[in-house]
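I opened the model to look up its disulfides and aromatic contacts. My notes follow.

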Amino acid sequence: MTRKRKSFPLIWATLISLIVCNHYFTQAQIVVDLPVNNSVFQRNASNHATINIAGNYSSGVISSVQARLVSPGTSSPISGFDWSIIDVDPSKGQFYGSLSNVPAGWYTLEIRSVKSGTVIQSTSVNRVGVGDVFLAFGQSNAQGYPGISGLPVSSEKVISHNYIDSCSFEVPHFPVLGKITSSSNIGQHGITSWYWGKLGDNLVNNSGTDATGIPVAFFDAASSGASVQNFVDSFEGGSTINPFTGIQFCKGINPDDTTGVGTPYITFLKTIRYYNSLYGIRAILWLQGESDTHLGTSLANYQTRLSSIISRTRSDFGATIPWVISRTSWYQTAGSSNVLNGQSNLLNTGNQVFTGPVTDDVNNTNLPFSGSRDSPNVHFQSGGLSEIANRWSSSLTSNIYNSNTQSFYNLSNPVNPNTVPEMTYSVAGNNVTVTAPGGYVSYRWVTTNNYESTVVSTSQSLTSSGNNTYRCFMTKANGQIVMSQKVDIGKITNQQTIPSSCSGSVYLSDYTPYSLQNDPSNGPISFDQSNGGSSDGDGTQLMINGLTYSKGLGVYGSSEIVYKVTPGLYTNLRASIGVDDDISTGGSVIFKVYGDNNLLYTSSTLSSSNNAVDINVPLCSYSTIKLVTENSGDGSVNDMADWGDVRFTCETIGTPISLSNFKKGSKCLGLAWSAPASGSPVSYEVYLNGNLVTTLGSGTLSYIFSGLSQSTTYTIGVKAVSCSGAKSATASLSVQTNGILISYSPNFNFICIGDSVTPVLDNPGGIFTITSGSEYVNHFNTSTGKIVINGSGPVNVKYIIDQGTACYDSTGTTIYGQVKPSTPVISANINLLNTKDTLTLTSNTNCSPYNLVWSNDSTSTSFKVKLADTTSFYARCKNSFCFSNSSNIIQAKVIPDCPNTFTLSSTVSDLDYGTESFDFFAKNTISAANKVFSATGAIFRAGKSIQLTPGFEARAGAVFSATILGCP
């Protein structure tokens with residue numbers, strides 16, 4: 001790069017540096033949401049990890065967010081991790097970045113926001129580490145036991161989430177991480193520090209091992225009393241019996257799911273898919289076997305079940321997680337060789353299954369360890385806990401593999417944590433749309449930090465306004481859960497600070513861009529100074545061919561800066577553009593201005609030899625203004641470009657009013673409007689879906705859009721243009737074109753031969769023609785499309801709309817005829833029934849070769865049915881989609897079951913049904929004037945009275961009884 005002047009006076013640069021170093025910690029706050037304090041990220045096989053950093057700020061204009069790592073309690077930066085830019089040209093009050101290849105260690109993370117070399121905000125995360133993350137798994141001697149105190153922990157580097165949710169079906173709460181203490185729990189299932197905190201101390205303080213001095217985090221997914229069969233049974237959410245209680249595992253413990261079905265494995269799965277997705281995992285530490293000694297599990301069964309647990313955990317987590325298996329079986333008075341051998345048989349470093357401690361000899365029966373367990377001689381306590389912690393650390397750190405030359409740390413393959421997903425943001429007025437990255441199987445937006453909080457959306461994007469905050473939890477295909485940074489909607493909208501009223505020139509360098517991006521090789525965009533190099537604030541005063549500018553934007557090579565503006569408020573953009581005087585020769589920059597991605601201005605190629613070019617670009621009614629620089633095809637060398645004194649100015653003109661859609665067809669839409677209430681338009685610009693279609697004179701107040709697609713929604717609009725070129729906001733309507741589909745039946749246009757059918761239309765008013773198959777047509781109406789056919793077809797019908805105009809459109813359909821079957825005749829064995837009687841219905845017609853269909857969907861020739869109420873039946877013959885006329889209707893009358901009163905009159909209530917017998921039971925009264933013929937039976941029973949009035953007659957041979965008695 002050849003410069004015309006010196007870049008920055010040394011004394012001035014030194015002064016700025018002193019100001020930054022001495023005062024940046026007193027500036028306004030910047031909020032780091034992730035990583036949370038005391039986070040420990042699993043180091044990879046090369047002893048490094050990436051730390052993702054995300055948060056928000058409220059300062060308005062900044063050009064970068066920077067981070068560094070320092071030794072805790074000091075201001076000494078870690079070598080290679082002094083201040084560096086993690087987010088260049090951030091916008092919308094949110095930042096996201098990372099520090100890569102951070103070596104294993106324990107750090108303070110410092111963050112600051114910078115505007116062109118000036119520190120604006122700063123904060124820190126007190127502790128963050130790269131180390132090892134373990135997950136305890138098994139039963140109570142891995143979980144901890146109520147009433148037994150955990151061991152004290154000395155090192156602040158031994159971390160967990162002090163949280164417990166017994167027999168949980170839920171994802172753990174947001175990880176508030178901290179040093180493990182003797183009384184704290186180990187999320188989400190560990191009771192007290194148990195011996196895990198002591199193990200952490202051992203690993204941190206054990207000099208000369210691969211774990212020396214680095215932080216270690218523990219999480220716990222063990223379940224008290226669990227046998228290997230309990231885990232296997234619950235793989236698919238199945239039930240399983242606790243070997244000590246004899247009832248379903250976890251039954252009645254969790255108030256959110258008292259059945260317990262699905263535990264204990266679902267508790268493990270919820271734990272690992274959350275904590276270890278976020279922080280990674282070095283290994284699962286397995287201590288279990290007591291329950292299987294109690295159950296007498298065979299060697300083969302134990303080995304097979306534990307092997308399936310190992311495989312299933314890896315499959316469900318989506319990675320080959322290393323396992324470290326203790327040899328544990330002691331229960332009260334003895335251990336089990338079956339269990340121990342089953343554990344030992346699975347040890348295989350090639351399969352990432354490693355040797356854990358032997359624990360059975362640490363018991364109250366073995367005198368050297370007397371008092372090491374509780375009185376049942378089951379759970380470790382006091383010195384027993386300490387001994388087990390020591391044995392765990394020895395197993396992990398000692399060289400016991402490959403002829404005692406390698407340890408677990410040399411051979412195990414840790415699983416890296418998931419990357420924090422980067423969100424994207426768009427702002428429309430007061431509404432912010434936050435979009436999570438794709439590729440996840442589910443999205444869960446909540447207003448608090450916890451996964452299990454009330455869900456406000458399950459979409460990939462969320463639109464909100466106001467001062468709400470959200471966090472999105474995303475689930476990967478393997479079930480692992482990752483979470484976004486907390487999104488503060490208020491801080492995003494507050495960043496969009498371009499004034500919403502016009503009172504003069506608005507200099508863009510004073511306000512927050514909606515988005516910005518500089519040439520990747522030259523650091524952030526500079527505000528009110530030229531773009532120097534890759535650092536932030538290494539530029540000088542803006543100068544183009546000797547003319548200086550106190551305001552403006554300094555960029556380099558290919559850049560893009562977008563501002564959100566109130567549509568129609570600012571009418572012009574003014575600036576002096578050119579190559580900065582820091583470049584003495586060369587440079588080849590093209591400047592462009594876009595409004596809502598419409599190119600409004602493009603310059604010629606400018607170099608260092610050119611004077612500044614003053615531009616005045618009409619902005620019309622755009623909501624985004626984008627400033628772009630490009631090289632002319634020769635690379636970005638010497639392309640240091642200035643937008644000197646870049647600013648918005650304003651001129652107003654009214655928007656067209658009284659919009660209406662006066663024409664609506666399948667290919668055409670008509671838009672009419674009236675002149676705006678203010679201003680004097682010289683022309684109107686007509687738009688379709690935001691694209692300019694044509695420009696009309698001021699005397700034309702309507703336009704027909706043609707060549708459109710059927711059943712499609714279009715935004716049709718118009719702008720008023722003033723004589724100065726200023727344009728109003730767009731007045732628009734959203735209108736859908738008509739469709740022209742026709743359908744003669746819902747059954748694929750199959751209709752019955754001889755039936756008269758009229759089509760259903762999306763867009764009536766056209767004409768119909770038959771294009772082929774007229775020999776099958778008896779009748780056809782060209783206005784309505786009504787048709788009668790006499791054969792199987794096919795008959796092709798064409799429908800035409802707007803014939804002879806530019807909006808002409810047509811569609812066609814094909815009709816097929818089917819033979820209409822004859823009408824069947826049906827009969828019933830009886831038409832009057834007691835509720836207990838069976839009705840037999842029979843078709844007296846054979847529909848063959850077609851099918852018989854009854855009104856109750858039965859397809860049998862005859863069927864029997866018991867009825868609770870009077871019901872009508874009919875039948876039809878069916879030929880595919882074509883039905884015959886309905887048969888005669890049979891109404892089966894059912895005698896009501898014990899009403900208050902029966903009134904039987906002649907002749908409608910006469911009983912002449914052969915040998916059938918009918919029960920008339922009434923709560924109160926029966927009044928009868930009907931006749932009972934031979935040999936029909938009639939049984940009257942009433943709770944209060946039976947009145948046989950004139951006209952009643954029981955003929956010879958009839959069966960009749962009357963009884964004063966309540967309903968049966």
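I checked Cys847 and Cys877 and found both buried (under 20% relative accessible area; exposed is over 50%, partly exposed in between; 1.4 Å probe, protein chains only). A disulfide (a pair of cysteine sulfur atoms within 2.5 Å) joins the two, S to S 1.8 Å. The torsion about the S-S bond of Cys847 and Cys877 is about -65 degrees, so this disulfide is left-handed.

This is a predicted model: local features need pLDDT of at least 70, side-chain atom pairs count only at pLDDT 80 or more, and totals for chains, interfaces and linings use all residues. Numbering runs from 1 along each chain as its sequence is written, and side-chain values use heavy atoms, with hydrogens and water left out.

I counted five disulfides by this rule. Another one joins Cys668 to Cys807, with S to S 1.8 Å. Its torsion is about -105 degrees, so the bond is left-handed. I found Cys668 and Cys807 both buried. I also looked up Cys898 to Cys967, where S to S is 1.3 Å. Cys898 is buried at 9%, whereas Cys967 is partly exposed at 30%.

Next I turned to the rings. I got 42 aromatic pairs (Phe, Tyr and Trp rings, the six-membered one for Trp, with centres within 6.5 Å; planes under 30 degrees apart are stacked, over 60 edge-to-face, the rest tilted). Trp194 and Tyr195 have ring centres 6.1 Å apart and planes at 40 degrees, so the pair is tilted. Trp194 is buried at 0%, and Tyr195 is buried at 0%. One aromatic cluster includes Trp194, Tyr195 and Trp196.
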